[in-house]
Amino acid sequence: MSKMVPLPTNSIIPERDLDKIPVLETRHLGIDFGGLTAVDEFNLTIGRTEIAGLIGPNGAGKTTVFNLLTKVYQPTRGTILLDGKETSGMNTAQVNHAGIARTFQNIRLFSSLTVEENVKIGLHNQLRYSTLSGLLRLPSYWREEKIAHERALELLSIFHMENLADHRAGSLPYGAQRRLEIVRALATNPCLLLLDEPAAGMNPSETAELMENIIKIRDTFQIAIMLIEHDMNLVMGICEGICVLNYGRIIAKGTADEIKRNPVVIEAYLGKKKEG
């Protein structure tokens, strides 16, 4: 792991990313639902190739943050900068096109389609043929389809899943469906990949393999990855910067060692110790 370096904005990023524009900056980000403030004053910076963690107790607002970043929810206040550019006014599809891809707590695959077809859905922005050539099956269509087929197999090979390309996605074991969802997200060519509880339902050996693959994805694609995860071994094992959320507000930011020793974080997870 790269040494983490503090910024004037009270954030930290990997030293190797200091000469690059941060992939993500949020400033005073917040959202209210009616009279309830779900997220408030969320300020975060993620380096260009950082593996970042977003942790906190159940109901802390972590998935809400992901929904704000991907414009499932429009923020009530604050600014989101992706690659130095504001995302205000963008919708979910536009944010994805701009470079944010995500997976979900509950797997959202097209179960009746094949593994390869699911990946190709992620590639749709990069296919360059007209509707007419698609309808008429012109040479330009078959050329692009060949490129998409080869790219899909290449992406599936990250998880050694290319031999499953013709299988129906819904027939895959749970862990393989999780991996396929990550591959489909990668197919959109993101600069920031958001993983919402990627280790949920995985056994220890699958989780260990997932950790290796997350690092491999970062190194291969040179992208940033931010994950929400309850498996603290995974978080502490691969995350460089960790942000802790509680009741919609950041209560701590730091490296794994700093977060592990932080009394405010310990209290948020374990509750106050009884006196006497």
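**Notebook: loops, overall form and a helix pair**

Entry 1, Thr 87. I began with the location of Thr 87 and found this residue in the loop that runs between β7 (85-86) and α2 (92-98). I note at the outset that the model is predicted. Is Thr 87 buried or exposed? Its relative accessibility is 1%, so I record Thr 87 as buried, the cut-off being under 20%. I then listed its contacts, leaving out residues up to four places away in sequence; Thr 87 touches Lys 71, Ile 80, Leu 82 and Val 95.

I next looked up the loop between β6 (77-82) and β7, where Asp 83 lies. The backbone entry for Asp 83 is a positive phi of about 60°, although this residue is not a glycine. With a relative accessible area of 28%, Asp 83 is partly exposed.

I located Glu 197 in the loop between β9 (192-196) and α7 (204-221). The relative accessibility of Glu 197 is 15%, so I count this residue as buried.

I placed His 230 in the loop that links β10 (224-228) to α8 (232-238).

I turned to the fold and counted 10 helices and 12 strands in the chain. The radius of gyration is 20 Å, close to the 19 Å that the globule rule gives for 276 residues, so I describe the chain as being as compact as a globular protein of that length. I recorded the span of the C-alpha trace along its principal axes as about 75 × 40 × 40 Å. Of the 276 residues, 50% count as buried. The accessible surface comes to about 13,600 Å², and 53% of it belongs to carbon and sulfur atoms. For contacts between residues at least 6 apart in sequence, I noted that 68% join residues at least 24 apart.

I closed with a helix pair. Two packed helices are described by the angle between their axes and the distance between the axes. For α3 (residues 115-122) and α6 (residues 174-186), I recorded an angle of about 35° and axes 7 Å apart. Their crossing is right-handed. On the α3 side the contact is made by Val 115, Asn 118, Val 119 and Gly 122, and on the α6 side by Leu 180, Val 183 and Arg 184. I sorted these contact residues into four nonpolar, two polar and one charged.

How many of the eight residues of α3 are buried? Six are, so α3 is largely enclosed by the rest of the structure. I list the buried residues as Val 115, Glu 116, Asn 118, Val 119, Lys 120 and Gly 122.

Key. Residues numbered from 1 in each chain as written. Predicted model: local features only at pLDDT ≥ 70, side-chain atom pairs only at ≥ 80, totals over all residues. Heavy atoms only, no water. Axes fitted to C-alpha atoms, helices over the stretch in contact; angles between N-to-C directions. Helix = DSSP H or I, 4+ residues; strand = E, 2+ residues; numbered from the N terminus. Left-handed = near helix turned anticlockwise from the far one by under 90°. Contact = heavy atoms within 4.5 Å. Nonpolar A, V, L, I, M, F, W, Y, C, P; charged D, E, K, R; others polar. Rg over C-alpha atoms; globule rule 2.2 N^0.38 Å. Buried < 20%, exposed > 50% of the residue type's maximum accessible area, 1.4 Å probe, protein only. Areas by Shrake-Rupley, 256 points an atom, 1.4 Å probe, with all protein chains shown as cover.
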